[in-house]
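This report walks through selected features of the model shown below.

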Amino acid sequence: MQDLAPGQKLKLSDLTPQRQLNVTVDVQHPDADLSVFGLDADRQLKDDRYFVFFNQPSSPGGELTVSGSGTSRTFMVKLDALPAGIERLMFAATSDSQPLNAMRGGAVTLAAGGGDVARMPLSASGLTGEKALMLLELYRHSGEWRVAAVNQGFNGGLKALLEYFGGEASPDAPAATAVSLVKERQAVLLKKAESTPGMVNLIKQAAVSLEKRGLAEARYRVKLVLDISASMTGEFRSGAVNELVRRALALATRLDDDGQVDVYLFGLQAQRRGKVSLDNVNDFVPGLKFGFEGGTNYVPVMKMVRDDSRAEQSADPVLVLFITDGATSNRPAAEREMLDASSEPIFWKFMGIEAGRVNFEFLEKLDDMPGRAVDNADFFKVRSPINLPDAELFELLVNELDSWDRDSRKAGLR
């Protein structure tokens, strides 16, 4: 077994060919909390579901899990199962009650294939008032995994370490409370929304609908697709589209890690139009410059959304809010897109705006079409002018998301 000294780095392959590891952290301290952070190449926590600790004992696919109790925990790591965006795993000890110089020894032990392969002894030597200690890091470099014995103290406790790794902690959250990062980020965004009239109530209403379906801490990237065929002119001019964008953002603030919505426009062609956030929501729709188009074709924008979703390489699934007032040309191609997309972590919510005589038979068909890996779409329609109460609209926007969330996991799509 290899002894590791602080600062030492070596190739994992020099220790073991195994890619499933157990990292046991034993810290002889009165109340240390032990955790692992799944970070990107820049050591940033972009997906807080890959922060694994006693209150969140597993990552979404079980790539990281923790077991044990007290100040001795074993983290099981499946390196080959980690998403491409997770480049580093940092194991850490924190305490919000006593500095870690109260530690009386311990060790971090790396095991694989049924036996221990490396061990780094722990000591309080050199520590003063630090309440966090970065212990061991597994990281990708030049296409292979390596091990670094970090053993570096850090001022502040868990909350400070979260912020160091890019997590957003609620300013008034008690330092000793190890709460879900999802809730902390939501608190930050809700506080920020206070400067945008009406957004706080919309965000809270969206939260109610999500909580009813057990999705209070669900994570989704939200994409908004807006029809700009000529028949949508009245909806843009009346301000209805602007109000729908605000509600899409409210939903994203409860679902997305950064509280932003990717916006797409389509008529006969598709175009990306950036992101709407709490910073620009008031001016976003009025500031859009485009020409209304003389037809409706879902296919180009569906392809664009699918391509972008794959390119992002995120562990979070995608919720597409697709708003249109008419059926598509080239229906067979749109059906193929929906069938192919059913094997991807994308849920499509189609909202039809009913103005005059509109036949939404095709969207109803997409909602119920057979042959899909999972049911990946839902459709509802509203009359123009749109005057649904917010509570009713949010209920419609998240309808069936809980069943897709469950079914997509069972099907192994995420």
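## The second largest pocket

The second largest pocket is lined by 20 residues, and those nearest its centre are Arg221, Ser314, Ala315, Pro345 and Leu413. A pocket here is an open set of points on a 1 Å grid over the protein atoms alone, where a 1.4 Å probe fits, with protein on both sides within 12 Å along at least five of seven lines; lining residues have an atom within 4 Å of a point. Its volume is about 330 Å³, taken as the space filled by probe spheres set on the points, which are joined across faces, edges and corners.

By class, the lining holds 9 nonpolar, 4 polar and 7 charged residues. Ala, Val, Leu, Ile, Met, Phe, Trp, Tyr, Cys and Pro count as nonpolar, Asp, Glu, Lys and Arg as charged, and the others, Gly among them, as polar.

## Basis of the values

The model is predicted: local features need pLDDT of at least 70 and side-chain atom pairs pLDDT 80 or more, while totals for chains, interfaces and linings use all residues. Residues are numbered from 1 along each chain as its sequence is written, and side-chain values use heavy atoms, leaving out hydrogens and water.

## Strand 4

Strand 4 (residues 33-39) has 6 of its 7 residues buried, so the rest of the structure largely encloses it. Buried means under 20% relative accessible area with a 1.4 Å probe, protein chains only. Strands (E, at least two residues) and helices (H or I, at least four) are DSSP runs numbered from the N terminus.

Strand 4 pairs in the antiparallel sense with strand 8 (residues 88-94) over 7 bridges, and Ser35 stands opposite Ala92 there. It also pairs with strand 5 (residues 51-52), again antiparallel, over 2 bridges; Val36 stands opposite Val52. Pairing requires at least two DSSP bridges.

## Aromatic pairs

The whole structure has 19 aromatic pairs. In the pair of Phe360 and Phe379, the ring centres are 5.6 Å apart and the planes at 50°, so the pair is tilted. Rings of Phe, Tyr and Trp (its six-membered ring) pair if their centres lie within 6.5 Å; planes under 30 degrees apart are stacked, over 60 edge-to-face, and the rest tilted. Both Phe360 and Phe379 are buried.

## Ser277

Ser277 lies in the loop between strand 15 (270-276) and helix 6 (281-284). Its relative accessibility is 10%, so Ser277 counts as buried. Leaving aside residues up to four places away in sequence, Ser277 touches Leu249, Gly259 and Gln260, where contact means heavy atoms within 4.5 Å.

Methods
Buried means under 20% relative accessible area, exposed over 50%, partly exposed in between (1.4 Å probe, protein chains only).
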